[in-house]
Amino acid sequence: MCGIVGYLGKKPVVPLLVDSLRHLEYRGYDSAGIAYLDDENLFQVYKACGKLVNLENILPEAAGNGTESSSTLHLGIGHIRWATHGAANEINAHPHTSNDNQIALVHNGIIENFYELRQSLAAEGVQFSSDTDTECVVHLLNKLNKASDGSNFIQVLQQALKQLKGAYALTLASRDNPDRLYAVRNHAPLVIGVGSEEYLVASDAVAVASHHNKIIYLKDREIAEISPEGVRIFNLDGEEVQPIIEPLNIGPLQIDKKGFKHFMMKEIHEQPDVVRNSLAGRLVGVDQPIDLTPQVSNNGSDPTAILNQIDRIVITGCGTSFNAGLVGKYFIEELVRIPVEVESAGEYRYRNPVVNKKTLIVAMSQSGETADTLEAVRQSSQQGAKVLTITNREDSSIAREADIVLSARAGVEVSVCATKTFVAQIIVLYLLGLSLAETRGTYPTEQLQALKSGLLKVPTLIESVLSNPEVVQPLAKKYGHARDLLFIARGINYPVALEGALKLKEISYIHAEGYSASELKHGPIAMLDEDIPVLSILVPGLVFDKSLSNAQEAKARDARSIGLTTTDAMVDQAGPLEDTFEDILTIPQVPELLSPLVATVPLQLFAYYIAEHLGKDVDQPRNLAKSVTVE
Ligand code: M6R
């Protein structure tokens with residue numbers, strides 16, 4: 001992941017780099033660093049471990065402001081790190097510089113052949129100071145630059161890049177060309193904000209949005225040379241390519257917790273409005289057809305024709321997006337009666353999957369930048385399948401490559417732990433299922449109308465859960481010191497059990513697993529004793545009785561059991577529920593097929609309060625990043 005930035009222009013460079021990095025902090029927080037050319041044409045480098053604020057604390061006040069008139073050109077690069085190769089320490093922090101301080105570079109991605117490159121450069125006498133894969137790039141460039149006549153740095157870059165394997169976005173500068181900033185993209189996002197005589201390179205358009213309203217989206221294997229005269233783009237074969245400058249339509253990232261202690265809690269509370277927003281204009285009334293007009297149709301695609309011809313759906317994504325996809329499988333198969341498979345994008349892309357032009361690939365990604373999901377999209381397109389993405393970022397790499405883009409419309413999600421985007425993605429999958437069922441006539445009209453009517457009520461149901469979030473707090477205190485915790489459910493709430501466990505793991509670092517309640521007896525039950533609480537999700541419907549039996553089986557092994565059920569079940573089944581569970585959380589009555597949208601909310605709160613109680617960094621949990629652009 002990592003976030004990289006670069007600036008060329010006449011503004012004080014350090015504050016600009018720091019501000020841009022702040023917008024990329026969601027990409028990693030293992031270390032931060034900047035380098036800029038000072039008035040003597042020397043690179044000044046500052047690095048600090050941990051979050052950006054640690055870097056800000058060590059920057060001299062006047063750093064990078066320049067001492068000359070405002071006509072002076074400033075150049076600098078910056079980095080936010082999510083460690084892949086080498087520990088999260090100051091030595092491994094970027095920028096990396098060549099031994100003679102001639103070239104400085106920041107990198108996002110992984111250089112897969114770094115070991116061979118490092119061995120061969122070290123054999124030639126190059127001194128390595130870090131354990132990163134990145135450092136070999138700066139030394140390789142320096143070596144090739146020295147061997148050239150110094151007149152064509154683009155050629156040097158082309159030679160170097162041809163030797164690199166892997167995914168990378170690079171931003172770099174050389175003291176030989178103090179008025180030139182270079183940017184390279186290969187399977188990692190990179191954009192260039194274009195201003196009046198100034199340019200801002202960044203891993204994400206959000207870092208550019210507060211400064212510029214014009215943007216260039218670099219393509220894979222392109223090199224940009226940025227100078228006061230403008231941006232020139234070359235491919236790896238040395239051919240010059242015409243830059244496409246597009247309007248930048250996104251606003252600056254609003255970083256505001258709106259009175260909540262953490263972004264995660266703010267985003268949990270936004271869910272009723274997120275659902276309303278995601279339904280708006282798409283589901284307008286129970287007797288109106290679903291309107292799934294895409295935000296974008298690429299490659300001249302006709303969404304209606306695509307949806308009419310498919311006979312199979314493959315949903316792919318990672319983490320929470322994968323879990324949302326699993327909920328979609330249950331819903332769409334029930335309504336549309338076509339096979340829906342769900343597969344982790346990282347597995348899917350290396351498996352030579354069987355797809356054809358009648359297969360719809362649904363790529364789920366909040367960020368639209370997840371490397372595995374992006375590659376799954378590319379591979380599926382090459383095999384002739386049509387790709388629909390459900391994403392929260394219409395300007396993302398996945399959105400730019402998919403045939404059809406359906407926006408999740410959840411608004412910016414800052415917390416690394418995804419909450420509102422899970423719910424928003426499920427809503428869009430449900431709309432897709434409803435729309436397909438309507439056009440194909442595969443589900444009784446009355447039941448479709450009941451589902452639509454139920455969906456319109458979901459915001460109020462979530463509001464009701466959120467009206468008293470504190471009911472979850474005592475449970476969080478009671479169970480927050482468990483070493484392991486199991487979440488079990490069956491049917492359409494099985495993915496909710498997976499999501500509940502993922503939330504807890506990622507922000508509290510407690511070992512948690514989600515299982516199908518039916519699977520418990522096939523292995524996990526052996527672990528159970530009084531030290532492992534089991535949280536069961538039970539919603540009246542097809543699998544309620546079976547799930548209750550599975551919860552009782554857990555209790556019989558002395559597990560402390562928590563139930564998450566509905567208020568109507570608490571009336572109809574009070575005896576068995578109270579007998580089975582030590583503690584019970586309730587959600588309002590909700591149709592089983594829609595229940596994941598509501599049942600997930602108390603689990604988000606449960607994870608939140610446990611993490612809070614344990615004093616963890618809720619919004620930026622250790623080792624994680626919001627956008628995973630490495631494989
Ligand atoms: O941006 P994406 O939806 O593609 O991200 C996928 C996962 O990295 C993401 O859902 C991750 O699992 C979250 N941290 C979960 O809270």
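The questions and answers below take these topics in turn.

Reader: What sort of model is this, and from where are residues numbered?

Author: This is a predicted model, in which local features need pLDDT of at least 70, side-chain atom pairs count only at pLDDT 80 or more, and totals for chains, interfaces and linings use all residues. Side-chain values use heavy atoms, with hydrogens and water left out, and residues are numbered along each chain as its sequence is written, from 1.

Reader: How are the rings of Phe331 and Tyr430 paired?

Author: Rings of Phe, Tyr and Trp (its six-membered ring) pair if their centres lie within 6.5 Å; planes under 30 degrees apart count as stacked, over 60 as edge-to-face and the rest as tilted. A search of the whole structure gives four aromatic pairs. For Phe331 and Tyr430 the centres are 3.8 Å apart and the planes at 10°, so this pair is stacked.

Reader: Which helices does that pair link, given that it joins distant parts of the chain?

Author: Helices (H or I, at least four residues) and strands (E, at least two) are DSSP runs, numbered from the N terminus. Phe331 and Tyr430 are 99 residues apart, and the helices are H10 (residues 319-336) for Phe331 and H14 (residues 420-440) for Tyr430.

Reader: Are Phe487 and Phe606 buried or exposed?

Author: Phe487 and Phe606 form an edge-to-face pair, with 6.4 Å centre to centre and 75° between the planes. Buried means under 20% relative accessible area, exposed over 50%, and partly exposed in between (1.4 Å probe, protein chains only). By this rule, both Phe487 and Phe606 are buried.

Reader: What area is buried between domain 2 and domain 3?

Author: Domain bounds come from an automatic or database domain assignment, with domain 2 at 263-466 and domain 3 at 469-613. Buried area is the accessible area (1.4 Å probe) that two parts lose on being put together, summed over both. Carbon and sulfur atoms give 79% of the area between domain 2 and domain 3, which is about 2600 Å².

Reader: How many salt bridges cross the interface of domain 2 and domain 3?

Author: A salt bridge is a side-chain nitrogen of Lys or Arg within 4 Å of a carboxyl oxygen of Asp or Glu. Across the interface of domain 2 and domain 3, the number found by this rule is zero.

Reader: Why is helix H1 largely enclosed by the rest of the structure?

Author: Buried residues of H1 include Val13, Leu17 and Leu21. Helix H1 (residues 13-22) is largely enclosed because the buried share of its ten residues is seven.
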